[in-house]
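Open the model in your viewer and keep the selection panel at hand. The stops below say what to select and what is there.

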Amino acid sequence: MTDAEIPRRPEGGRMRPEGARAVKPRDAATIILVRRDAAKPRVLMGKRNSGHDFMPNLWVFPGGRIDRADFRAPHATDLRPEVAAKFDRHIKLRRGQALALAAIRETFEEAGLLLAKKAPPRPGVGPWREFLAQGALADLEAMEIIARAVTPPMLAKRFDTWFLMADAERLISLDRQPDCGELEEIAWVDFDDALGLELPMVTRTMIKEAVLRLDDPERPSPYMRFGVKGHKVAHL
């Protein structure tokens with residue numbers, strides 16, 4: 001079976017070839033940025049380019065997989081104690097912090113927005129070079145954990161994704177940085193309108209979860225694992 005013959009799920013993920021073993025999920029993180037300066041809260045959504053082999057043309061939150069550089073990236077603030085404790089109950093805290101930094105870095109790379117504190121520009125290497133050159137250091141304190149979800153085993157690409165949420169007022173600016181942004185377009189839309197976009201299943205689920213979280217900040221964070229016989233939901 002060629003790559004072109006591999007069937008695709010509606011949300012755009014390639015199915016793994018028949019008989020092949022399930023691939024190990026890669027660690028990833030994403031941020032649900034909420035803007036509260038209008039009558040109704042709005043969330044940042046970005047449209048993926050048609051050239052992507054994973055979820056092309058769909059609207060998603062900015063985010064991506066962890067990079068080795070995320071383990072040593074400088075930051076202006078630390079994770080809040082309750083957020084650090086939640087990471088530490090399930091994975092090593094060092095990896096949890098790196099995941100949060102990955103989400104901030106990817107938000108800059110994909111949407112051109114800096115969830116950060118202003119700081120003197122400093123040299124950097126690898127994927128953090130452009131971020132640090134903006135005169136910014138990541139603001140880990142801004143984030144809370146919403147949920148965790150693992151991609152179904154029947155897909156050719158799998159991710160173990162932590163969904164984080166932060167207020168847009170913690171951004172250095174609401175203006176997209178010039179020459180930044182891998183997403184085809186970005187938009188601030190209220191949650192009802194967001195549900196009307198073309199979304200991956202997990203993104204649709206997380207929009208609904210975010211709405212519930214805004215009403216009840218103490219709501220438990222779901223941990224969703226999808227299998228061939230359905231999905232399991234626990235709590236973090």
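The chain has 5 helices and 12 strands; helices (H or I, at least four residues) and strands (E, at least two) are DSSP runs, numbered from the N terminus. This is a predicted model, in which local features need pLDDT of at least 70 and side-chain atom pairs count only at pLDDT 80 or more, while totals for chains, interfaces and linings use all residues. Residues are numbered from 1 along each chain as its sequence is written, and side-chain values use heavy atoms, with hydrogens and water left out.

**Whole chain**

Colour by pLDDT, the predictor's confidence in each residue, from 0 to 100. The mean over the chain is 87, and 85% of the residues reach 70 or more. Now select residues 1-11, where pLDDT stays under 50. The model has 21 contacts beyond four places in sequence for residues 1-11, a contact being heavy atoms within 4.5 Å. Where pLDDT is low, the predicted coordinates should not be read in detail.

Next, colour by accessibility. Of the 236 residues in the chain, 50% are buried; buried means under 20% relative accessible area, exposed over 50%, and partly exposed in between (1.4 Å probe, protein chains only). Among contacts with a separation of 6 or more, 66% are between residues 24 or more positions apart.

**Strand β1 and its partners**

Select residues 26-35, which are β1. Is β1 mostly covered or mostly open? It is mostly covered, with 8 of its 10 residues buried. Which strands pair with β1? Two strands pair if DSSP finds at least two bridges between them.

- β9 pairs with β1 in the parallel sense over 9 bridges; Val-34 has Asp-167 as its bridge partner in β9.
- β4 (residues 63-65) pairs with β1 in the antiparallel sense over 3 bridges; the partner of Thr-30 in β4 is Gly-63.
- β2 (residues 42-47) runs antiparallel to β1 and is joined to it by 2 bridges.

Stay on β1 and β2, which form a hairpin with 6 residues between them. Arg-35 stands opposite Arg-42, and Val-34 stands opposite Val-43.

Select β2 together with residues 185-190, which are β10. These two strands run antiparallel and are joined by 6 bridges. The bridge partner of Gly-46 in β3 is Val-60.

**The open sheet**

Clear the selection and show β5, β7 and β6. These 3 strands form an open sheet in the order β5-β7-β6, with mixed pairing. β5 (75-77) and β6 (116-118) stand at the edges, each with a single partner strand, so one side of each is left without a neighbour in the sheet. Neighbouring strands here are turned by 45° against each other on average, direction ignored; the axes are lines fitted to C-alpha atoms, for helices over the stretch in contact, and angles run from 0 to 180 degrees between N-to-C directions. β5 and β7 (residues 136-139) run parallel and are joined by 2 bridges. To find the pairing, pick Thr-77, which stands opposite Asp-139 in β7.

**Helix α1**

Select residues 81-90, which are α1, and show side chains for its buried residues, Val-83, Ala-84, Lys-86 and Phe-87. Seen down the axis of α1, these buried residues fall within an arc of 160°, so they line one face of the helix; the arc is that of the directions from the helix axis to the C-beta atoms. On the other side of α1, Pro-81 and Arg-89 are exposed. What covers the buried residues of α1 includes α2 (93-111), β8 (144-150) and β9 (159-167).

**Two nonpolar cores**

A nonpolar core is a set of buried Ala, Val, Leu, Ile, Met, Phe, Trp, Tyr and Cys residues joined through side-chain atoms within 4.5 Å. Of the 45 residues in the largest one, Leu-115, Phe-131 and Met-143 touch the most other members. At least two residues each come from β1, α1, α2, α3 (129-133), β7, β8 and β9. The largest share, 9 residues, comes from α2.

Centre the view on Phe-131. Not counting residues up to four places away in sequence, Phe-131 touches Ile-104, Phe-108, Leu-114, Ala-116, Ala-136, Leu-137 and Ala-138.

For the last stop, select Met-45, Phe-61, Ala-194 and Ile-207, which are included in a second, separate core of 21 residues.
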